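Hi,

Here's the structure I promised to pass on.

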Amino acid sequence: MSKFEGVIVSDQLLQGQFTQVELRSLKSKFVSLKNQNGKVTFGDLPPLMVKLNAFRDMYREDEIRGILGESGTDLTDEIDFESFLKAYLNLRTQATEKQGGRRHSSSFLNDSVTTLLHTISESERACYVAHINSYLGDDPFLKHYLPLDPATNDIFNLAKDGILLCKLINVAVPGTIDERAINAKRKLSLWEVNENHTLCLNSAKAIGCTVVNIGTQDLVEGRPHLVLGLISQIIKIQLLADLNLKKTPQLVELVDDSEEIEELLNLSPEKVLLKWMNFHLQRAGYEKTVRNFSSDVKDGVAYAYLLNVLAPEHCNPATLDTKDANERANLVLDHAERMGCKRYLSPRDVTEGTSNLNLAFVAQLFHHRSGLSTDIKKVSYAEMITDDVQTSREERCFRLWINSLGISMHVNNLFEDVRNGWVLLEVLDKIFPGSVNWKQATRPPIRMPFRKVENCNQVIEIASELRFSLVNVAGNDIVQGNKKLILALLWQLMRFTMLQLLKNLRSRSQGKEISDADILKWANRKVKSIGRTSHIESFKDKSLSNGLFFLELLSAVEPRVVNWNLVTKGGSDDEKRLNATYIISVARKLGCSIFLLPEDIMEVNQKMILTLTASIMYWSLQQQPEDTDSFPSPAGTTTTTTPEASPPPSVCGEDESSSIGGEFSNLSVDDADATSDSTASSSQPESDVASGGDLLLRDI
């Protein structure tokens with residue numbers, strides 16, 4: 001059984017500069033270098049550092065060598081791991097200064113993953129605490145611990161067992177986590193806490209959070225900057241959830257014609273919110289255009305105009321008359337409070353232009369009173385503009401998968417955001433480092449159409465080298481936004497990645513190439529090994545719709561994870577949905593990073609069923625590398641299978657030993673967040689956040 005610990009550094013100040021994911025990744029690189037050379041010297045670092053994403057586009061190898069030599073370091077001196085970390089940290093600090101310091105951003109998405117600055121905004125903490133107290137105050141379990149005191153570390157202490165974060169995810173996107181899968185009791189073992197955080201992180205990715213640089217151990221330790229970063233993303237997703245035409249067709253009032261409606265569909269929720277704000281400001285006679293939630297709103301004037309349009313009955317003439325920005329901000333917040341908005345912000349947050357909190361304030365105004373008309377003709381037109389359900393689901397899956405890889409561009413609208421080719425090139429480079437010729441690529445914004453075609457042509461060339469099926473396909477098809485082609489290309493990319501990474505485990509099997517058929521055989525053998533009779537013929541087998549096969553498979557790879565008292569027979573659609581929701585949460589709780597929906601299981605979506613099965617298979621092989629039942633035996637041989645555990649009870653039967661709170665799982669912190677050092681030190685490509693294999697396989 002793996003120990004519940006991360007990479008330990010004796011210098012606590014140094015350790016505090018890195019997350020556990022970063023430490024494991026850097027440790028694997030250091031060990032790999034040491035294994036190659038027998039020792040590591042300062043002179044060995046430049047060739048390694050220049051390949052890391054943090055420095056690849058900023059420094060040449062000779063520049064890194066010069067920086068290391070500035071401190072009078074003898075490049076022939078042997079170094080240990082902590083000296084390696086200090087050199088990395090020094091270079092990273094200089095890289096930040098070279099970029100002009102940390103850029104001010106109005107998005108939560110990138111703020112949460114940095115470890116350069118560990119300062120905690122007291123205003124943001126107070127705002128998030130107020131939000132949690134408001135939305136989770138009546139939760140049957142958490143009400144015993146709420147309300148939290150914003151002046152203390154209550155929020156970080158309560159987040160340490162993972163329950164709060166899981167519940168908050170369900171507030172943001174209801175139904176994401178089956179709460180039956182949460183380990184919710186007053187005293188939890190370390191393994192149960194780890195399971196909760198694993199469930200939390202995988203579910204956070206499934207709603208669009210960026211968690212590449214956060215590990216379960218970081219949450220167990222309650223690291224403030226990472227906990228607040230994750231909470232801020234979750235709350236942002238909740239606040240912006242309705243800022244699209246599907247949820248709020250009244251938004252069509254913001255545009256005048258069909259071309260602008262298409263443009264509105266492609267905007268990120270944050271930009272839709274800005275467009276909504278400027279729409280009302282224009283009506284109110286405000287002459288400026290608000291382009292951000294910081295400098296453009298810090299004087300409070302735009303808020304005064306906006307509130308006078310939305311709630312004229314609460315208008316106070318003194319708001320615009322006053323010359324004092326703090327007084328105006330206070331009057332603005334009073335106005336908002338009178339129209340029903342809870343007071344989360346302080347006047348200082350407005351005048352300082354705290355972007356995260358100002359965005360949250362405007363989103364709150366939108367929810368309370370959007371001020372949009374109910375023009376039936378326009379609303380009906382907007383409601384007609386909907387994607388095919390299956391296309392929409394696949395777009396969601398691939399978009400979330402791409403964002404989970406930690407590329408620099410955040411994808412809001414898959415079909416629009418891949419048209420310039422850059423996102424696809426980043427994905428290919430993340431999965432197959434070195435495959436992209438960046439000298440021939442153009443970074444957005446791209447004004448010349450032929451540059452977009454060049455990017456997309458390179459995507460097609462790389463895909464062809466990987467032997468994807470691309471008959472009569474050209475880069476211009478991507479530029480034109482051909483949805484069918486884009487989905488087909490991304491599916492082949494995801495499937496290829498999945499099979500290749502399973503193939504990398506062949507040293508633990510019998511050297512076979514991995515195919516869809518092998519995954520199917522493995523699943524059937526695994527279920528049979530615990531004495532069950534369920535059997536599927538393909539990933540299109542209609543019997544999969546009731547979920548029982550997957551519950552038996554999950555029980556086979558980890559006997560304690562399925563509570564059979566919670567499982568239904570799957571006879572009706574409601575029972576099937578209960579089982580499907582439970583399956584997804586249990587799989588994520590184990591460590592499977594999956595993006596399917598309950599409907600994909602209920603309707604037996606072949607692609608999503610394959611990714612779910614493969615993800616469970618990969619997790620199982622990581623836990624039991626010597627499992628002889630993992631792959632079919634070579635021809636002419638037989639394999640004797642020993643049942644791993646007694647068969648699970650029949651559906652709805654009684655069996656206390658199968659409850660979620662039973663004995664310890666084999667899942668460790670390291671297993672949940674990244675591959676082990678030995679795996680990361682193998683032939684997997686280098687990455688500056690986590691090993692390539694870990695990023696790709698676990699994010700299927």
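Helix α22 (residues 389-404) was my length check: at 1.5 Å a residue its 16 residues should span 22 Å, and since the end C-alpha atoms sit 23 Å apart, the two agree. Bear in mind that this is a predicted model. α22 is mostly covered, with 13 of its 16 residues buried. After α22 comes Gly406, which has a positive phi, near 80°.

Next, a helix pair. Helix α24 (residues 422-431) packs against helix α25 (residues 449-465) at an angle of about 35°, and their axes are 8 Å apart. The crossing of α24 past α25 is left-handed. On the α24 side, Trp422, Leu424, Leu425 and Leu428 take part, meeting Asn455, Gln458, Val459 and Ile462 of α25. By type, the residues of this contact are 6 nonpolar, 2 polar and no charged.

Then the cores. Which residues touch the most other members of the largest nonpolar core? Out of its 179 residues, they are Leu230, Leu273, Trp276, Met277 and Leu365. Helix α27 (residues 483-503) gives the most to this core, namely 11 residues. Another core, of 28 residues, lies apart from the largest one, and its members include Leu33, Phe42, Val50 and Phe55.

Cheers

How values were computed: Residues are numbered from 1 along each chain as its sequence is written. This is a predicted model: local features need pLDDT of at least 70, side-chain atom pairs count only at pLDDT 80 or more; totals for chains, interfaces and linings use all residues. Side-chain values use heavy atoms; hydrogens and water are left out. A nonpolar core is a set of buried Ala, Val, Leu, Ile, Met, Phe, Trp, Tyr and Cys residues joined through side-chain atoms within 4.5 Å. Buried means under 20% relative accessible area, exposed over 50%, partly exposed in between (1.4 Å probe, protein chains only). Helices (H or I, at least four residues) and strands (E, at least two) are DSSP runs, numbered from the N terminus. The expected span of a helix is 1.5 Å times one less than its number of residues. Axes are lines fitted to C-alpha atoms, for helices over the stretch in contact, and angles run from 0 to 180 degrees between N-to-C directions. A crossing is left-handed if the near helix is turned anticlockwise from the far one by less than a right angle, and right-handed if clockwise. Contact means heavy atoms within 4.5 Å. Ala, Val, Leu, Ile, Met, Phe, Trp, Tyr, Cys and Pro count as nonpolar, Asp, Glu, Lys and Arg as charged, and the others, Gly among them, as polar.
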